[in-house]
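Visitor: I am new to this structure. Please take me through one part of it in detail: the surroundings of the ligand.

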Amino acid sequence: PRTVITFGTYDVFHVGHLRMIERAAAMGDRLVVGVSADALNLSKKGREPVFTQAERLEIVAALKVVDEVFIEESLELKRHYIEQHAADVLVMGDDWKGRFDEFADACEVVYLPRTPAISTTALIEKISAG
Ligand code: C2G
């Protein structure tokens, strides 16, 4: 079986997240998703996520196409996660294009186009504007 791995914060879960996860799942037989830890998100984006890592993990784990989830503690552990889950393919959105090419010796690395015009940041702004 071909195992696919993908990573994300998935905060304020939206259809852009869903489509990326569904397309990742379609690339193999088994999908493993790493959900960014709260601390990782804070260091990466400079803000606390709206939902905690436990809540974000629970939402992603409930998706029909997701077989396994885990908390991604650090960006530096990507190779470890790929090996631990015996991933054959790493799928990432093209906002990360080129950033994970170094893992091409461990698995296939694929960047998929993002869904345009939707983001957690834009949603937060829309909601706070009232
Ligand atoms: N995404 C998308 N379309 C959008 C928004 C997001 O396809 N409009 C995809 C992203 O490209 C990513 C996934 O949804 O593949 C999760 O997005 P984020 O939660 O923003 O992920 P990010 O914080 O970039 O975390 O190890 C890397 C990080 O954990 C990735």
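Visitor: By class, how many nonpolar, polar and charged residues does the shell around the ligand have?

Guide: The shell around the ligand has seven nonpolar, eight polar and six charged residues. In this count Ala, Val, Leu, Ile, Met, Phe, Trp, Tyr, Cys and Pro are nonpolar, Asp, Glu, Lys and Arg are charged, and the others, Gly among them, are polar.

A word on the source comes next. This is a predicted model, in which local features need pLDDT of at least 70, side-chain atom pairs count only at pLDDT 80 or more, and totals for chains, interfaces and linings use all residues. Residues are numbered from 1 along each chain as its sequence is written, and side-chain values use heavy atoms, with hydrogens and water left out. The protein has a mean pLDDT of 96, and 100% of its residues reach 70 or more; pLDDT is the predictor's confidence in each residue, from 0 to 100. The model's ipTM is 0.96 and its pTM is 0.96.

Now to the ligand. It is surrounded by 21 residues, of which the closest are Ser36, Lys45, Glu72, Lys78 and Ile118; a residue is near a molecule if one of its heavy atoms lies within 4 Å of it. An N or O atom in the side chain of Ser36 is 2.7 Å from an oxygen atom of the ligand. For Ile118, a backbone N or O atom lies 2.6 Å from a nitrogen atom of the ligand. A polar backbone atom of Gly16 is 3.5 Å from an oxygen atom of the ligand. On its own, the ligand has 640 Å² of accessible area, and the protein covers 96% of that (Shrake-Rupley method, 1.4 Å probe).

The ligand sits in the largest pocket. A pocket is an open set of points on a 1 Å grid over the protein atoms alone, where a 1.4 Å probe fits, with protein on both sides within 12 Å along at least five of seven lines; a molecule sits there if more than half of its atoms lie within 2 Å of its grid points. Two or more residues of the shell come from each of β1 (3-8), α1 (15-25), α2 (38-45) and β4 (89-93), and α1 gives the largest share, three residues. Helices (H or I, at least four residues) and strands (E, at least two) are DSSP runs, numbered from the N terminus.

How values were computed: Polar contact = N/O pair within 3.5 Å; in protein donor to acceptor, adjacent residues only side chain to side chain. 1 Å grid on protein atoms, 1.4 Å probe; cavity = no way out; pocket = protein on both sides within 12 Å on 5 of 7 lines; lining within 4 Å.
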